[in-house]
Amino acid sequence: MTPYDPYIAYKDLTVDLRAHRVHRAGCELCLTPREFALLAVLVTHCDKALSRSQLLEAAWGYAFIGESRTVDVHIKRLREKLEGVSEQWSLKTVWGVGYKFEVVSGA
C-alpha cells in the first residue's frame, strides 16, 4: 500500500481507508469508528503480529487512558462481524503477543 492507494482488498474484503468504509462480499459493514481504526491498523500490517499496546497506540492514539483489554473487546466485536465469512483471511490471536490479520497463502 502507498499513501496514494486508500484501498486494501483481500478477496471478499475491501477496506477504503479514505472513506472509512468496509465491504465484505459486496455488502457494506457497519463498523464503529474504533472498530474501523483497529481493522485498518491490522490490514495495513497484514500477517504481522501486533501487541495490544501497539494496537492501542495506533488505533486509539497516545492519549488513551484505560485498560489494554479494551483491544480484546473490540477484536471480539470485529470477529463477530467478520469471522466465518472467508477462508482466505482471519483475525488471529497470537498468544503472548497480541493479534494479527492473517491471509492464507495464495489469497
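Q: What pattern does the chain follow, read along the sequence?
A: The chain follows β-β-β-β-α-β-α-α-β-β, where helices (H or I, at least four residues) and strands (E, at least two) are DSSP runs numbered from the N terminus. This is a predicted model, in which local features need pLDDT of at least 70, side-chain atom pairs count only at pLDDT 80 or more, and totals for chains, interfaces and linings use all residues. Residues are numbered from 1 along each chain as its sequence is written, and side-chain values use heavy atoms, with hydrogens and water left out.

Q: How many helices and strands is that?
A: The secondary structure comes to 3 helices and 7 strands.

Q: Which strands form the open sheet, and in what order?
A: The open sheet has 3 strands in the order β5-β7-β6, with antiparallel pairing; two strands pair if DSSP finds at least two bridges between them. β5 (50-51) and β6 stand at the edges with a single partner strand each, so one side of each has no neighbour in the sheet.

Q: How many bridges join β6 to β7?
A: Strand β6 (residues 89-94) and strand β7 (residues 98-103) run antiparallel and are joined by 6 bridges. T93 stands opposite Y99 in β7, and V94 stands opposite G98 in β7.

Q: Which residue takes a positive phi in that hairpin?
A: G96 does, with phi near 80 degrees; the hairpin of β6 and β7 has 3 residues between the strands.

Q: Switching to helices: at what angle do α1 and α3 pack?
A: Helix α1 (residues 33-44) and helix α3 (residues 70-82) pack at about 85 degrees, with their axes 10 Å apart. Axes are lines fitted to C-alpha atoms, for helices over the stretch in contact, and angles run from 0 to 180 degrees between N-to-C directions. α1 is therefore roughly perpendicular to α3, a label covering 65 to 115 degrees.

Q: Which residues make the contact?
A: On α1 they are R34, E35, L38, L39 and L42, and on α3 they are V71, H74, I75, R77, L78, K81 and L82. Contact means heavy atoms within 4.5 Å.

Q: Where does α1 lie relative to the strands?
A: α1 lies across β5, β6 and β7, running at about 60 degrees to β7.

Q: What about cysteines: is C30 buried or exposed?
A: C30 counts as exposed because its relative accessibility is 69%, whereas C46, at 25%, counts as partly exposed. Buried means under 20% relative accessible area, exposed over 50%, and partly exposed in between (1.4 Å probe, protein chains only).

Q: How many disulfides are there?
A: The structure holds 0 disulfides, a disulfide being a pair of cysteine sulfur atoms within 2.5 Å.

Q: And what share of the chain is buried?
A: Buried residues make up 36% of the 107 residues.

How values were computed
Parallel < 35°, antiparallel > 145°, perpendicular 65-115°, else oblique.
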